[in-house]
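Open the structure in your viewer and keep the selection tool at hand. The stops below say what to select next and what is there.

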Amino acid sequence: NEGPDDTVSYQARMLELVVCVIFNQYNTAWDLTQKKLKEYEKNFAGLIFPYVCAFYRGMTAITMLRQSSSNKKRAMKIAKTCLKKLKKGHNKCHRQEGKCILCHQLQLLEAEWLAIHNKHDQAHELHKLACSNAANTQVYHEYGLACERYGEFLLEQGNEEDGLEQLRQSY
């Protein structure tokens, strides 16, 4: 039986993951993604939290794919699984005040997935959509994250002017 202490523990673990991603502490975030989160998903079934957790786990896995040669196979599997989970959640379309609150997360995670698979045109369009939709939902930390990742993507593509502008927008 799970009690209130378990619920608080699961919420704290997810919040720690979110904070690690926002502050670019991806090694710590990676360690958190390795912990079993099945209990978390079961405890919050039917709510948005497991999908939000999948987004942050997926972003962490993609970052680790870019940064590290070790754990690539595991990171690829986590990223792919998280992308599928987020698509499933998006199909259920959790809405708040008429706005889909998972759209920008799905678009950003999918843009990052496409970028690591060298599908740059599609990644570019999804990054733009993610920034726009995150701004519309007023989830400001995720708007900042979307702009930051889009800016990094543009810089990698050699578009310094637009890339720097997106990085400025992230703050």
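Select leucine 15, which counts as exposed because its relative accessibility is 55%. Leucine 15 belongs to helix H1, residues 4-22. Helices here are DSSP runs of H or I with at least four residues, strands are runs of E with at least two, and both are numbered from the N terminus.

Before going on, note that this is a predicted model, in which local features need pLDDT of at least 70 and side-chain atom pairs count only at pLDDT 80 or more, while totals for chains, interfaces and linings use all residues. Residues are numbered from 1 along each chain as its sequence is written, and side-chain values use heavy atoms, with hydrogens and water left out.

Together with Leu15 they make a nonpolar surface patch of about 310 Å². Patch residues have over 30% relative accessible area and no salt bridge; nonpolar side chains (Val, Leu, Ile, Met, Phe, Trp, Tyr) are joined within 5 Å, and like charges within 9 Å. Accessible areas come from the Shrake-Rupley method with a 1.4 Å probe, and for residues only the protein chains shown count as cover.

Zoom out to the whole protein chain. It has nine helices and two strands, in the order α-α-α-α-α-β-β-α-α-α-α along the sequence. Of its 171 residues, 46% count as buried. The chain exposes about 9,400 Å², and carbon and sulfur atoms supply 49% of that area. Among contacts (heavy atoms within 4.5 Å) with a separation of 6 or more, 60% are between residues 24 or more positions apart.

The next stops are charged pairs. Side chains of opposite charge can pair when their charged atoms come close. A salt bridge here is a side-chain nitrogen of Lys or Arg within 4 Å of a carboxyl oxygen of Asp or Glu. By this rule there are six salt bridges.

Select arginine 66 and glutamate 112, a salt bridge with its closest N and O atoms 3.6 Å apart. The pair links distant parts of the chain, 46 residues apart: arginine 66 is in helix H4 (residues 49-67) and glutamate 112 in helix H6 (residues 103-116). Glutamate 112 has a relative accessible area of 0%, so it counts as buried.

Move to lysine 87 and glutamate 110, whose side chains meet in a salt bridge at 3.5 Å, N to O. Lysine 87 is in helix H5 (residues 72-92) and glutamate 110 in helix H6, 23 residues apart. Lysine 87 is partly exposed at 35% relative accessibility, and glutamate 110 is partly exposed at 22%.

Finish with the rings. Rings of Phe, Tyr and Trp (its six-membered ring) pair if their centres lie within 6.5 Å; planes under 30 degrees apart count as stacked, over 60 as edge-to-face, and the rest as tilted. The structure holds one aromatic pair. Select phenylalanine 55 and tyrosine 56: the pair is edge-to-face, 4.8 Å centre to centre, with 75 degrees between the planes. Both phenylalanine 55 and tyrosine 56 are buried.

How values were computed: Buried < 20%, exposed > 50% of the residue type's maximum accessible area, 1.4 Å probe, protein only.
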